[in-house]
Amino acid sequence: MSANNTKSDFNWAQWRWISATTANSTDKNFAKKEQINTPTNSTTATTSAVSPNTSMSVNNSQSLANALSTNKINSAALNHGACATLPDWVLAVKKSSAPNAVAVKTLVLKPKGIAGTDVLVVAARADAEWSTNPLIKLLGGKEARAAQDDLILSTLKLNRIDVSPFALANVDAASKPTLLFAIDKSLASAPQLAFRNFSASDSIVVSGSDLISFVKSAGFTPKEFDAAQIGAPAAAPSAPASGKAKQQKSAATTSASNDEGVMIGITVKKADDFPSWYTQVLVKTEMMDYYDVSGCYILRPWSFKIWAEIKKFFTAEIEELGVEECYFPMFINGKALEKEKDHVEGFAPEVAWVTRAGSSDLAEPIAVRPTSETIMYPAYAKWVQSHRDLPLRLNQWCNVVRWEFKNPQPFLRTREFLWQEGHTAFATKEESDKEVLEILELYRRVYEEVLAVPVVPGKKSENEKFAGGLYTTTVEGFIPTTGRAIQGATSHSLGQNFAKMFEISIESIEEGAPQGSKSFVWQNSWGLTTRTIGVMVMVHGDDKGLVLPPNVANIQVVVVPVGITAKTTAAERAKIHAFVDEVTKLCKPAGVRAKADTRDVYTPGYKFNHWEMRGVPIRLEVGPKDIAKNEVRCVIRHNGKAQQLAFPTLSTSLPALLAQIQSDMFEKAKKERDSHVIRVEKFEDGFVQILDKKNLILAPWCERVACEKEVKERSQRIALAGEAADEKAPSMGAKTLCIPFKQPTENPVVPGKTKCFACDHNAVSYTLWGRSY
Ligand SMILES: [Zn+2]
């Protein structure tokens, strides 16, 4: 192989570690389109485009008070104690010092068919149930769905929960013509209206006429409608509601169209609007927050702990294997890249460059690592001289940057992400082959044992493998809600390609080799990213929010005092708190991460919702009746089951219960995944239809590159106009996910006899196909 050829392979490959996920990013038209459509991008744009009248920007209670006073509007602040749900809030306002104020919920909708209108903000009575569709029809449109969080953030500059009509002051000039404000006319004339004031325990009261004048001064003409007239009884939830969802009492979760004014909690159902559900879960559980550089997100302690647990598990395991930790710089000498201009083009759009320091331009621009082969392998060439220097097995935990233009998705596709990258070198192919599988097995265990997420280990097809390597192994996950597969982690055999490129060689030890001759080393590379966290959220989460497997839960057990009323004496209260303390204290020696929620300002109900949404595996309730029996009440997050646990045996029953939960969660997810893997013997037997029903397909395949390409094209559904951007309607073609190591034992491939499902060649293996993230 000529040096040039090797180089060309190498350079293409090194930037495409996860080739499957970046495949489209070089399509410039696609990138351009995405840039315009991407909500996060428009968020970035708006930070510089916030209306020039910045004194009007409303983003906390103080700035709201300022904005009202600038407009000479009288207002009253109400403090009524924290409310967990919309009905709680309506009640709290009624009991407050302004009992006649009408609590107002603010809905943000994305209407279809109202010319020129992208966003519809509706102010309506919080205690009224009505369907939004008659209103949309009244406004000349067809239908509407809840606006996604990203859209709300980019237009109104607030998180959904904080939106009130006052947020209209935040809309920049460019967006104003595309936003419509509608208000129930009974509100417009009401003497007192209450709005949520940026916290669960505070409201602000203004008159209807003052609200109207505020909205007008922000540049909007309010559209009044008669809610009483269009107020048909609220429609039943559009999607089949699960039994569990029906039990939910709060209006927050009873109807997708009525959910906007909720205080806390997840306001959309996982099955109804998966993208919104996902972002709400991440933001509201405080796993992640937005950041003003598009495609970058803040990982908060609630998610970073999960990463820390993954890191702990994996580090201990690879140390056992003999891998050592190290750290290489994040910058790459730009000159090295310049030399290979021809090949740079393919990945150039994704590489971020440092071109300036302070106010002076750098003599040579420096690239930020999108992966570390070019950084590490020159050093490997220096360190490896003879077989005594092998094996060389290094791993680093670090960040990498890939400036993608595809729609970013927290954890799944971000411009900066965290990962570990292992880079190893061996004297023989046998040793390197062995390691590829050992590492893959660890990745399987990270998913299945640490995160309780089932994966399929297997080998990538020629099309899907890491282009510069010999072969790629992978663990493939599955998201049942969307029916899409997701690549979990990959372990690559690089063969000798990189060794030849970087001249990593040793004196030949092969028998009969001439004295002093060289042989190239055999290399592997393997990586696992923070994507793991996103997959875990998507697989286990439910309509109430996050569901954490005990092994990665920041808090495994939350202890909540209950049964304290106005009549409770100080002594009784002290007794309950003392018991809560005792329960919490015995957890640590038992290896259980526990926390007591003794906050006085919140009701037990509020705390239940709070920890349930955050996915804490076990809630223990301690009340007078439990204490009398020397017991605690235990509620399990993932299945809602409750039981009494004896206090004296908690230090053994809790760890056992956590282990049980971990294994139940895995079994449940596996059962669901398995039910979505369908065997198909011929393409014509409904290959596309089965995929459309959110399944993966296991089919006998010839393993030919041309055949895979053809299947991809054949299965590409023609995207209907307007449907293309809808996450719920994946229209892309199917590809191979992997050739599972565990082949079916029932009716396996018979060599020379079993035909490929898609062409007239013989099948080589059963291969897993699907649409993929
Ligand atoms: Zn074929």
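Is the crossing of α14 and α20 left-handed or right-handed? The crossing of these two helices is right-handed, where a crossing counts as left-handed if the near helix is turned anticlockwise from the far one by less than a right angle, and as right-handed if clockwise.

The model is a predicted one, in which local features need pLDDT of at least 70 and side-chain atom pairs count only at pLDDT 80 or more, while totals for chains, interfaces and linings use all residues. Residues are numbered from 1 along each chain as its sequence is written, and side-chain values use heavy atoms, with hydrogens and water left out.

## Overall make-up

The chain holds 26 helices and 31 strands; helices (H or I, at least four residues) and strands (E, at least two) are DSSP runs, numbered from the N terminus. Of its 773 residues, 56% count as buried, a term that stands for under 20% relative accessible area, with exposed meaning over 50% and partly exposed the range in between (1.4 Å probe, protein chains only). Among contacts between residues at least 6 apart in sequence, 70% join residues at least 24 apart, a contact being heavy atoms within 4.5 Å.

## Helix packing

Helix α13 (residues 274-284) is largely enclosed by the rest of the structure, because eleven of its eleven residues are buried. The buried residues of α13 pack against α8 (149-156), β9 (288-290), β18 (471-479), α20 (531-540) and α22 (604-613). After α13 comes E286, whose phi is positive, near 65°.

α13 passes α20 in a right-handed crossing. That contact is made by F274, W277, Y278, V281 and L282 of α13 and by G534, V537 and M538 of α20.

On the α14 side S303, I306, W307 and I310 meet T532, I533 and M536 of α20.

## The zinc site

The zinc ion is coordinated at 2.3 Å by the SG atoms of C702, C707, C756 and C759; donors are N, O and S atoms within 2.8 Å of the metal (3.2 Å for Na, K and Ca), and sites may look incomplete because water is not among the atoms. The four donor atoms subtend angles of 104 to 115°, which makes the arrangement tetrahedral, a label given to four donors if all angles lie between 85 and 135 degrees. Along the chain the donors follow the spacing C-x4-C-x48-C-x2-C, and both C756 and C759 are buried.

## Backbone features and a buried isoleucine

Most residues other than glycine have a negative phi, and most peptide bonds are trans. E703, in the loop between β29 (696-701) and α26 (705-715), has a positive phi near 65° and is partly exposed, with a relative accessible area of 31%. N747, in the loop between β30 (735-740) and β31 (765-770), has a positive phi near 45° and counts as exposed at 58% relative accessibility. The peptide bond from L390 to P391 is cis, with omega near -5°, and P391 has its place in the loop between α17 (373-383) and β15 (392-401).

I136, in helix α7 (residues 133-138), is buried, with a relative accessible area of 0%. Its C-alpha atom is separated by 7.1 Å from that of P111, 25 residues apart along the chain. Leaving aside neighbours within four places in sequence, I136 is in contact with residues including L109, P111, I114 and L120.

Technical notes: Tetrahedral: all angles 85-135°; square planar, octahedral: opposite > 155°, others 65-115°.
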